[in-house]
Amino acid sequence: MDLYVTSGGYEIPENNPLLQDRLYVNDGKGGFEKSNALPKMYSNTKAVSCADYDNDGDMDIFVGGSVTHGKYPMSDSSYLLENQNGTFIDVSKKRMSAISELRMVNAAIFTDYDNDGDSDLIVVGEWMPITLFENDNSYLKKQTHSELQDVNGWYQTIKEVDLDGDGFSDYIIGNWGENNKFHPSKEKPLHIYADDFDNNSSLDIILSKVSKTGALVPVRGKQCSSDQNNFLNNNIKTFKGFASSNIIEIYGEDRLKKATHLSVSNFESFILKNNENGSFKIKALPKHAQFSPTLGFETYDINNDGYLDVFGIGNVFDDEVETIRYDASKNYILLGDKNNEYTFTNDTSYFSDYESKAIKKIMINKDPHFIIMNKNERLTILKLRKLL
């Protein structure tokens, strides 16, 4: 097994060589040597998935671009890299024409969701829908599914698993959760406008939601909004005037028309059930899975009843200035049953107050263990108790 390492961080400027991903080739003895097989890719990357999508006997790579330095919610480029005799060639435009439509990619998996014997691709991220690319003779073509229309989210992770044993892959999607001040819906999405509104060579953002009257109003208050864009103090003098105005009256229609405009309508973490006929069904996870952002999943028959269970982890401690940190989750285990329903397990033995970022199930001496990576904290290692 070789090692692919993505590179990035919001603090690294655009076009910096530190953004270059790295490939380390295993010499067969556990030693790794840095390879020069990757093309130049100065993108802030986070997600990577490998598969032989073109069925030529070697592994190809999808690399998902994340947020651009200093320009949230703009995103860096994503890449489809084809393995050609050990050298990876960027074939994004040739083999995946809709790749430019992706936003801030957080996770991606190659998976045969239509069971036709080749590797398709599912990509999730922020300010974007769950995006499916069907493999059509080694061309990854974006598909439209009615049940996924207008279901943009701040998606963080995706886990492939056949939950109901029907031979078709289902997917567990980690989203931002519902325990926040935004509460987007299809009827009342959360909007963002991004542009250099005050002409100071830096990108500004406006978060907006639909008021009771149906007008778009700013999420941030006058003080925070005017600190970012001083011209607002000239447009609207008082806090009362700001509170009674919509964003067109505050910022001006011309400024908003020129801005990048995105929206989200769903923050629920859920199961994407594969209906076997090319369609999907969204089934929200129980409320305990919605307390905080979900950043990782593992599945295992934890209570040994013959049905797969779900172990989810999360929390995000850093956030924008007017929002408290997302720390309400202690992680969660959901026990599955014969009806594919899930029940929260209130067991303090796995609870955690950390900012958990990733989880992986491994076997040690034939016993299942869960390793959880926590930001700025030690690893959590949980051994599954044997049932009597």
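This is a predicted model: local features need pLDDT of at least 70, side-chain atom pairs count only at pLDDT 80 or more; totals for chains, interfaces and linings use all residues.
A charge counts as sitting over a ring when NZ of Lys or CZ of Arg is within 6 Å of the ring centre and within 35 degrees of the ring normal. With that in hand, Arg255 has its charged end over the ring of Phe231, 4.0 Å from the centre. Arg95 does the like with Tyr139, lying over the ring face at 4.6 Å from the centre.

Next, aromatic residues. Searching the whole structure gives twelve aromatic pairs. One of them is Phe311 with Tyr350, an edge-to-face pair with 5.6 Å between centres and 70° between planes. These two come from distant parts of the chain: Phe311 is in strand 22, residues 309-314, while Tyr350 is in the loop between strand 24 and strand 25, 39 residues apart.

Another phenylalanine to look at is Phe242, in helix 4, residues 239-243. Phe242 counts as buried because its relative accessibility is 8%, and the cut-off for buried is under 20%. What does Phe242 contact, leaving aside neighbours within four places in sequence? Its contacts are Pro218, Arg220, Gly221, Lys222, Ser225, Ile236 and Ile250. Gln223 is 19 residues from Phe242 along the chain, and their C-alpha atoms are separated by 9.9 Å.

Eight bridges pair strand 25 with strand 26, residues 367-374, and four bridges join strand 26 to strand 27. In strand 26, His369 stands opposite Ile362, and in strand 27 the bridge partner of His369 is Lys383. The hairpin of strand 26 and strand 27 has five residues between the strands, and Asn376 there takes a positive phi near 60°. On strand 27, Thr380 and Leu382 make up the covered face, whereas Ile381 and Lys383 are on the uncovered one.

Last, salt bridges. The structure has 14. Glu101 and Lys142 form one, with 2.5 Å between the closest N and O atoms. Why does this pair tie together separate parts of the chain? Because Glu101 lies in the loop between helix 1 and strand 8 and Lys142 in strand 11, the parts joined are 41 residues apart in sequence. Glu101 is partly exposed at 47% relative accessible area, and Lys142 is partly exposed at 38%.

Another salt bridge joins Lys273 and Asp166, with the closest N and O atoms 3.6 Å apart. Lys273 is in strand 19 and Asp166 in the loop between strand 13 and strand 14, 107 residues apart. Both residues count as partly exposed, Lys273 at 23% and Asp166 at 25%.

Asp347 and Arg385 form a salt bridge as well, at 3.3 Å. Asp347 is in the loop between strand 24 and strand 25, and Arg385 is in the segment after strand 27. Asp347 is partly exposed at 23%, whereas Arg385 counts as exposed at 58%. Finally, salt bridges with shared partners join Asp164, Asp166 and Lys273 into one network.

Methods:
Residues are numbered from 1 along each chain as its sequence is written. Side-chain values use heavy atoms; hydrogens and water are left out. Two strands pair if DSSP finds at least two bridges between them. Buried means under 20% relative accessible area, exposed over 50%, partly exposed in between (1.4 Å probe, protein chains only). Contact means heavy atoms within 4.5 Å. Rings of Phe, Tyr and Trp (its six-membered ring) pair if their centres lie within 6.5 Å; planes under 30 degrees apart count as stacked, over 60 as edge-to-face and the rest as tilted. A salt bridge is a side-chain nitrogen of Lys or Arg within 4 Å of a carboxyl oxygen of Asp or Glu.
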